[in-house]
Amino acid sequence: MSGSRSQSSGLRVQPAAFGAVPTGARLERIRRSPHFSNGVFVNPEGARIGPSRGVALEMAKGYLRKDERVRRAPAGLIPVHSTTLADLARPPASGLRITWMGHSSVLAEIDGYRVLFDPVWGERCSPFAFAGPKRLHPAPLPLAALGPVDVVVISHDHYDHLDMPTIKGLAGTDTVFAVPLGVGAHLEHWGVSEGRIRELDWNEATKVGGLTLTATPARHFCGRGLRNAQQTLWASWVVAGDEHRIYHSGDTGYFQGFQDIGAEHGPFDITMIQIGAYSEFWPDIHMTPEEGLQTHLDLQGGGTGGVLLPIHWATFNLAMHSWAEPGERSLWAAHEAGVTLATPRPGEPFEPRSTPPADPWWRSVARRPADGWTAWPPVGEQLDLVAES
């Protein structure tokens with residue numbers, strides 16, 4: 001379904017990373033969507049996208065304050081697992097293996113297929129090479145060393161989820177791209193052929209080999225150019241094989257629809273849930289770790305089964321909270337709920353049916369809280385305080 005044009009921003013030279021806006025048959029399909037109204041896609045339960053102008057000014061001041069800026073970055077080098085071909089060459093014994101590459105990028109090897117979610121190998125999540133949030137750790141392995149991928153899944157078109165250099169690196173392969181409505185315009189603009197793009201509305205599904213991929217609702221927004229037309233959709237994703245089911249949240253605020261997704265498609269062997277870049281200034285579009293834990297429970301029908309993998313943290317500095325806070329809060333929220341949490345280092349493969357890595361590795365490179373770290377694993381009912389340096 002071809003149909004796109006470069007985004008208009010008033011700049012004389014349009015950055016290629018802005019992508020393209022939907023036109024023609026693609027735009028007509030968007031307009032027919034039941035989730036499109038008055039020229040824009042509409043969130044379930046509505047959503048406040050960002051702070052007011054006055055609040056945004058106060059936030060900008062906070063970003064510039066040295067003491068706050070320091071705590072939003074690690075104090076040392078993030079321990080990245082240098083993923084090798086040997087790590088990924090042997091098939092997973094259980095039929096399901098997960099490798100978190102950092103932020104929301106995840107390689108899922110499921111029932112004989114390889115699915116790559118929101119791949120971002122670029123140095124900055126920005127349309128410009130000289131500005132914008134920069135990676136806090138390198139990619140665990142070069143994109144070219146990843147090997148064949150059966151399908152790339154994109155949750156939405158923000159720069160920290162849809163990275164032009166990465167897409168161009170994959171454009172010459174045989175991989176299929178599963179994307180929400182409208183996002184195909186960007187991909188075609190960057191050289192992906194129309195026949196390799198599967199563009200879905202919420203609750204639509206497509207087959208790739210033995211996998212069924214379903215775009216499910218999320219509570220977020222879209223946009224890459226200076227003029228955000230809100231004409232590309234955002235989504236979470238369910239991937240089901242012969243033996244396993246997995247879920248990737250993309251970016252989303254908490255909403256009751258997770259219960260419906262769980263009832264229709266769950267339970268899941270693993271849920272990959274956004275728990276970083278949250279703020280009281282945009283509570284409707286990103287989740288806190290505690291909301292992420294509740295989302296996992298909703299998706300599992302209220303049960304505590306399956307594994308929860310926190311994503312959307314550690315790689316880019318995108319909010320005001322401290323760098324280690326999403327991992328630390330997720331650790332304790334999952335422990336208190338009796339949910340199995342996976343906390344791999346970036347690039348560390350694991351199989352959910354085995355014992356997932358659950359080590360607070362971030363403590364070794366984070367700035368120590370004034371009162372130390374709470375002991376992990378917990379010591380009986382009385383939690384000791386440990387002052388690690």
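How do the residues of the lining of the second largest pocket divide into nonpolar, polar and charged? Before the answer, a word on the model itself. This is a predicted model, in which local features need pLDDT of at least 70 and side-chain atom pairs count only at pLDDT 80 or more, while totals for chains, interfaces and linings use all residues. Residues are numbered from 1 along each chain as its sequence is written, and side-chain values use heavy atoms, with hydrogens and water left out.

Back to the pocket: its lining splits into 6 nonpolar, 1 polar and 5 charged residues. Here Ala, Val, Leu, Ile, Met, Phe, Trp, Tyr, Cys and Pro count as nonpolar, Asp, Glu, Lys and Arg as charged, and the others, Gly among them, as polar. A pocket is an open set of points on a 1 Å grid over the protein atoms alone, where a 1.4 Å probe fits, with protein on both sides within 12 Å along at least five of seven lines; lining residues have an atom within 4 Å of a point. The space in this one comes to about 230 Å³, a volume being what probe spheres set on the points fill. Among the lining residues are Arg71, Trp323, Arg367 and Trp373. Helix 9 (residues 325–337) gives the largest share of the lining, 3 residues.

Six strands make an open sheet with mixed pairing, in the order 5-6-7-8-9-10. Strands are DSSP runs of E with at least two residues, helices runs of H or I with at least four, both numbered from the N terminus, and two strands pair if DSSP finds at least two bridges between them. At the edges sit strand 5 (96–102) and strand 10 (197–200), each pairing on one side only.

Strand 7 (residues 113–117) has 4 of its 5 residues buried, that is, under 20% relative accessible area with a 1.4 Å probe, counting protein chains only. Its pairing with strand 6 (residues 105–110) is antiparallel, over 5 bridges, and Leu107 stands opposite Leu116 there. The two form a hairpin with 2 residues between them, and Asp111 in the turn has a positive phi of about 50°. With strand 8 (residues 151–153), strand 7 pairs in the parallel sense over 3 bridges, with Val115 opposite Val151.

Val115 turns up again in the largest nonpolar core, which has 67 residues; Val115, Phe117 and Trp323 are among those with the most contacts inside it. Such a core is a set of buried Ala, Val, Leu, Ile, Met, Phe, Trp, Tyr and Cys residues joined through side-chain atoms within 4.5 Å.

Technical notes:
Buried < 20%, exposed > 50% of the residue type's maximum accessible area, 1.4 Å probe, protein only.
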